[in-house]
Amino acid sequence: MEDWKQKLAALTGNHTTQIDATPTQASPTPPKRKQRTGVVYSTNPQYSYNDAHDSEPSTLPPQQQKLRISMERAGRGGKTVTIVRGFVGNEADMLALCKLLKQQCGIGGSAKQGDIILQGDHRTQVCEKLKSLGYSQTK
């Protein structure tokens, strides 16, 4: 294997036989410039770039949550869904509440964009379950 390297070095006039075979790896963190928002370039020497921070709001206790339960059929191919809106908190807590409601009611559903979407018309059942969990301001 070293033979072809020596022949190549002789042809190119480079007499070093040490060739680094380890490939360089890309850094695992993205460059800071991609995290900047709002400014492309600034001539102000004292200007500091704002890094993008997507901080989720902290989850309110169940007694302070104002959840609204509604039923929709429009735009879903005629399928009826129960939607729980108004949850204030992080994504993990919303997904946990969605999973609990699905298990308690024995139905399917998902949590998207701050809404908990449950299959079928289960407004009264979902309202009772939420009130038993401590969500007292549920309508």
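1. Arginine 76 has a relative accessibility of 31%, so it counts as partly exposed (buried is under 20% relative accessible area, exposed over 50%, partly exposed in between, with a 1.4 Å probe and protein chains only). This is a predicted model, in which local features need pLDDT of at least 70 and side-chain atom pairs count only at pLDDT 80 or more, while totals for chains, interfaces and linings use all residues. Residues are numbered from 1 along each chain as its sequence is written, and side-chain values use heavy atoms, with hydrogens and water left out.

2. Arginine 76 forms a salt bridge with glutamate 72 (3.4 Å, N to O); the term means a side-chain nitrogen of Lys or Arg within 4 Å of a carboxyl oxygen of Asp or Glu. Glutamate 72 is partly exposed, at 24% relative accessible area.

3. Glutamate 72 also meets arginine 85 in a salt bridge (3.1 Å, N to O). Arginine 85 lies in strand S2 and glutamate 72 in strand S1, so this pair ties together parts 13 residues apart in sequence (strands are DSSP runs of E, at least two residues, numbered from the N terminus).

4. A further salt bridge joins arginine 85 to aspartate 115 (3.4 Å, N to O). Aspartate 115 is in strand S4, and the two residues are 30 apart. Through shared partners, Glu72, Arg76, Arg85 and Asp115 form one network.

5. Strand S2 (residues 81–85) has 4 of its 5 residues buried, so the rest of the structure largely encloses it. S2 runs antiparallel to S1 (residues 68–72), with 5 bridges, and antiparallel to S4 (residues 115–119), with 4 bridges; strands pair if DSSP finds at least two bridges between them.
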